[in-house]
Amino acid sequence: KFHQRSASRISFPQHCSPVTCSSNTALADLSLDKMKPTQNDGEAVWVRPGQMSKQGTHYVLRGSSGRLVVCVHGIGSYSYCFDKIAKDLEKEGYRVLQYDLMGRGWSEPASNDNNYGGEGHVAQLQQLLEELHFENEPFDLIAHSMGGALAAHYLAKFPPNPAHNMRVVLLSPAGLMKPGMIKVLRSVPCMHSMIAKVLKSGQEGEWRKDFFAHTGEAATLEAEMLEAQRNQAQHNPHSFNAFFQSALRFPLYGNDDLVKDVGKMPIKTLIMWAKQDKAVPYSPSFARWQQALSEGGASVETETWDKAGHGFFLERPVEASSRIKAFLSSSSATV
């Protein structure tokens with residue numbers, strides 16, 4: 001996961017060849033679908049919970065009827081991060097689609113590293129919706145971190161039908177971050193290999209920073225998150241490269257005009273952000289998203305969380321789920 005905090009320290013110029021870690025390169029020909037789950041005290045710890053699309057995207061579809069909600073995770077996480085929210089929404093009568101971005105979770109990696117940019121990620125989502133025959137159905141979006149920027153890019157290319165009354169929940173979205181080191185590092189490709197090694201060696205520390213409290217129930221939930229992330233790192237040989245290439249290629253900043261255009265669409269939006277977010281800092285990103293969407297004329301609700309980090313919805317899932325359910329049901333929607 002190490003999210004945009006790590007991503008904000010890397011990028012990749014168009015004219016250079018991608019640099020990947022040797023461990024990823026050596027295992028690049030492995031198919032995730034052929035990998036056997038390892039055993040932990042006799043129990044499998046890396047078992048694919050869902051289905052594979054024809055394009056190699058792993059997805060979990062919950063519920064058999066009701067309005068569809070599509071969940072889009074962040075740069076280094078995978079679909080498990082929405083499990084608790086998805087199960088709650090299913091109980092409320094929604095269908096919920098969780099999927100793994102290319103190279104993350106159980107999804108196959110991109111055929112070309114260039115596809116880890118914005119266009120490739122948008123195409124992956126659209127292809128999945130088309131295969132499942134959902135592309136013309138009303139649906140809502142819940143998107144975290146880089147997934148929030150991806151949701152904006154998706155909507156810019158595939159504007160929603162006004163009759164569908166779309167609602168979008170943005171959880172600490174990237175896309176309007178300060179360029180910072182991303183811009184600097186794009187000019188020094190000679191550092192990419194070194195940075196990749198440093199980030200890979202320190203990823204567990206970055207995962208831990210997504211939680212604010214490390215005691216009580218929060219500590220239990222943090223341990224669950226760490227186990228899930230360790231499983232991905234250990235059993236998916238493509239996951240680090242997918243993170244790294246997305247960090248180098250995905251538009252993590254400079255999307256102001258695009259977000260304003262999304263704000264002009266018939267969409268109701270909820271922005272949720274934690275004040276102690278270290279990956280996509282609350283300031284200035286929260287105000288930038290709110291302003292950009294509002295300038296477009298969008299209906300925007302906001303909620304800030306104190307004493308919480310980038311993974312606030314993982315650390316306090318009951319509160320997050322309750323707020324999201326209230327928002328999704330707050331106005332009439334086409335089913």
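The model on display is predicted.

**The whole chain**

Of its 335 residues, 55% count as buried. Among contacts in the chain with a separation of 6 or more, 82% are accounted for by residues 24 or more positions apart.

Move on to helix H9 (residues 216–235) and pick out Glu 222, which lies in it. Glu 222 is buried, with a relative accessible area of 4%. Which residues does Glu 222 contact, leaving aside its neighbours within four places in sequence? They are Arg 208, Phe 211, Ala 213 and His 214.

**Helix H10, an enclosed element**

Select helix H10, residues 239–249. Eleven of its eleven residues are buried, so the helix is largely enclosed by the rest of the structure. The buried residues include Ser 239, Asn 241, Gln 245 and Arg 249, as well as Phe 240, Phe 243 and Phe 244.

To see the contact, display His 192, Ala 196, Leu 199 and Lys 200 in H7 together with Phe 240, Phe 243 and Phe 244 in H10. By class, the residues of this contact divide into five nonpolar, one polar and one charged.

**Helices H11 and H12**

The following stop is a second pair of helices. The axes of helix H11 (residues 256–263) and H12 come within 6 Å and cross at roughly 50°. H11 and H12 are therefore oblique to each other, and the crossing is right-handed. On the H11 side, the contact is made by Asp 256, Val 259, Lys 260, Val 262 and Gly 263; on the H12 side, by Trp 289, Ala 292, Leu 293 and Glu 295. This contact has five nonpolar, one polar and three charged residues.

Remain with H12 (residues 282–295), and select Pro 284, which is placed in this helix. What kind of peptide bond joins Ser 283 and Pro 284? The bond is cis, with omega at about 10°. Most peptide bonds are trans.

**The nonpolar cores**

The largest nonpolar core has 55 residues, and Trp 289 is listed with Val 70, Leu 97, Tyr 99 and Leu 155 as having the most contacts inside it. The largest share of this core, seven residues, comes from H5. A second, separate core has 34 residues, including Cys 71, Leu 171, Leu 221 and Ala 308.

Return to Val 70 and show its surroundings. Not counting residues up to four places away in sequence, Val 70 touches Leu 97 and Tyr 99, and also Leu 125, Leu 129, Phe 139, Asp 140, Leu 141 and Ile 142.

**Two loop residues with positive phi**

Most residues other than glycine have a negative phi. Select Asn 165, in the loop between helix H5 (146–157) and strand S8 (166–171). Phi of Asn 165 is near 50°, a positive value. With 32% relative accessibility, Asn 165 counts as partly exposed.

Finally, select Lys 307, found in the loop between strand S10 (299–305) and helix H13 (312–315). Phi of Lys 307 is also positive, near 55°. The relative accessible area of Lys 307 is 54%, so this residue is exposed; the cut-off for that class is over 50%.

Conventions:
Residues are numbered from 1 along each chain as its sequence is written. This is a predicted model: local features need pLDDT of at least 70, side-chain atom pairs count only at pLDDT 80 or more; totals for chains, interfaces and linings use all residues. Side-chain values use heavy atoms; hydrogens and water are left out. Buried means under 20% relative accessible area, exposed over 50%, partly exposed in between (1.4 Å probe, protein chains only). Helices (H or I, at least four residues) and strands (E, at least two) are DSSP runs, numbered from the N terminus. A nonpolar core is a set of buried Ala, Val, Leu, Ile, Met, Phe, Trp, Tyr and Cys residues joined through side-chain atoms within 4.5 Å. Contact means heavy atoms within 4.5 Å. Axes are lines fitted to C-alpha atoms, for helices over the stretch in contact, and angles run from 0 to 180 degrees between N-to-C directions. Angles under 35 degrees count as roughly parallel, over 145 as roughly antiparallel, 65 to 115 as roughly perpendicular and the rest as oblique. A crossing is left-handed if the near helix is turned anticlockwise from the far one by less than a right angle, and right-handed if clockwise. Ala, Val, Leu, Ile, Met, Phe, Trp, Tyr, Cys and Pro count as nonpolar, Asp, Glu, Lys and Arg as charged, and the others, Gly among them, as polar.
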